[in-house]
Amino acid sequence: MNELGDRFARMEIFLPELMIAAEAADAIREELIKSVEVKSDANNGTVVIGTIAGDNHDIGKKMVATLLSVNGYNVIDLGTDVDPMQFIDTAKNENADMIAMSSLLSTSMPFIRETIEYLVDEYALMELCQQRVDYLYKKIQEQ
Ligand code: B12
């Protein structure tokens, strides 16, 4: 996909081709998953995953969701263009252990910051995640 992205940027291929390639990549993921051993008896926790508001890229997010799922996580995939409050409400209702947000568009990244800010304000976040969140927060602020 990276290679095709570069070719798209050089105007060697066009949007329909990129979209067909994206569908092919997703179909490959679905085929591959059939040959992966599912650790179904493991219960490592619940993850709420989605692509943040304004962004519809989902190939990488689905890959991550799939890998978490086969490794014993209960994955709730909210899809794409997910509002910050939808992440938070779902995590709260499902008593989730983790929120996993995907974003490829720089215009959508502020919504990740919004979600983190809300979590920090309302829940003071779990200590375990704090360091990583501080790091992410700093990175996003630098953008
Ligand atoms: C395929 C693609 C599309 C497809 C998306 C199809 C789909 N169903 O996802 C289509 C053609 C629809 C598309 C549309 C657009 N795209 Co586009 N797209 C890409 C492209 C070429 C590849 C992305 C991809 O799927 N890579 C393969 C996957 C496997 O990699 P990945 O997504 O990075 O995921 C990996 C990691 O990031 C990570 N990861 C991902 N999510 C998560 C989540 C968690 C929790 C974790 C831990 C890890 C993780 O793990 C994954 C596996 O390693 C990129 C260029 C690029 N090189 O990235 C541009 C790119 C992302 N698109 C871009 C743009 C601008 C757009 C459009 C706005 C174009 C337009 N003018 O309409 C629209 C946006 C539509 C929208 N609202 O979302 C820009 C973004 C630039 C920016 N800085 O914001 C890029 C970077 C291209 C560019 N160089 O300009 N796009």
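Helix α1 (2-9) is hardly covered in this predicted model, the count of buried residues among its 8 residues being 0, where a residue is buried if 20 or more other C-beta atoms lie within 10 Å of its own, exposed if 12 or fewer, and partly exposed in between, with C-beta atoms placed from the backbone. Helices (H or I, at least four residues) and strands (E, at least two) are DSSP runs, numbered from the N terminus. Residues are numbered from 1 along each chain as its sequence is written. As the model is predicted, local features need pLDDT of at least 70 and side-chain atom pairs count only at pLDDT 80 or more, whereas totals for chains, interfaces and linings use all residues.

Helix α1 is followed by M11, a residue in the loop between α1 and α2. The phi of M11 is positive, about 60 degrees, although M11 is not a glycine. M11 is classed as exposed because 7 other C-beta atoms lie within 10 Å. A positive phi, of about 55 degrees, is also found at D81, again not a glycine, and D81 is placed in the loop between β2 and α4. D81 counts as partly exposed because it has 16 C-beta neighbours inside 10 Å.

The secondary structure of the chain comprises 6 helices and 3 strands, and from the N terminus on the elements run α-α-β-α-β-α-β-α-α. Of the 143 residues in the chain, 18% are buried. Among contacts in the chain between residues at least 6 apart in sequence, 74% join residues at least 24 apart, a contact being a pair of residues whose C-beta atoms, placed from the backbone, lie within 7 Å.

Strand β1 (residues 45-51) is mostly covered, with 5 of its 7 residues buried. It is joined by 5 bridges to strand β2 (residues 73-77), and the two run parallel, where two strands pair if DSSP finds at least two bridges between them. In this pairing G45 stands opposite Y73 in β2, and the bridge partner of V47 in β2 is V75. The chain passes from β1 through helix α3 (residues 59-70) to β2 in a right-handed β-α-β crossover, a term that applies if, with the strands pointing away from the viewer, the path from the first strand over the helix to the second runs clockwise. Strand β1 is likewise joined by 5 bridges to strand β3 (residues 98-102), in a parallel arrangement, and the bridge partner of G50 in β3 is M101.

When residues up to four places away in sequence are not counted, A65 touches I49, V75 and D77. The C-alpha atoms of A65 and D77 are separated by 7.2 Å, although these residues are 12 apart along the chain.

In soluble globular proteins, nonpolar side chains tend to be buried together. With residues up to four places away in sequence left out, the contacts of V48 are I76, L78, F87, T90, A91, E94, A96 and I99.

The ligand is surrounded by 24 residues, of which the closest are G5, N56, G60, A100 and S102; a residue is near a molecule or strand if its C-beta atom, placed from the backbone, lies within 6 Å of it. Helices α1, α2 (15-33) and α3 and strand β3 each supply at least two residues of the shell around the ligand, and the largest share, 5 residues, comes from α3. By class, the shell has 14 nonpolar, 7 polar and 3 charged residues, where Ala, Val, Leu, Ile, Met, Phe, Trp, Tyr, Cys and Pro count as nonpolar, Asp, Glu, Lys and Arg as charged, and the others, Gly among them, as polar.

Conventions
Two residues are in contact if their C-beta atoms, placed from the backbone, lie within 7 Å.
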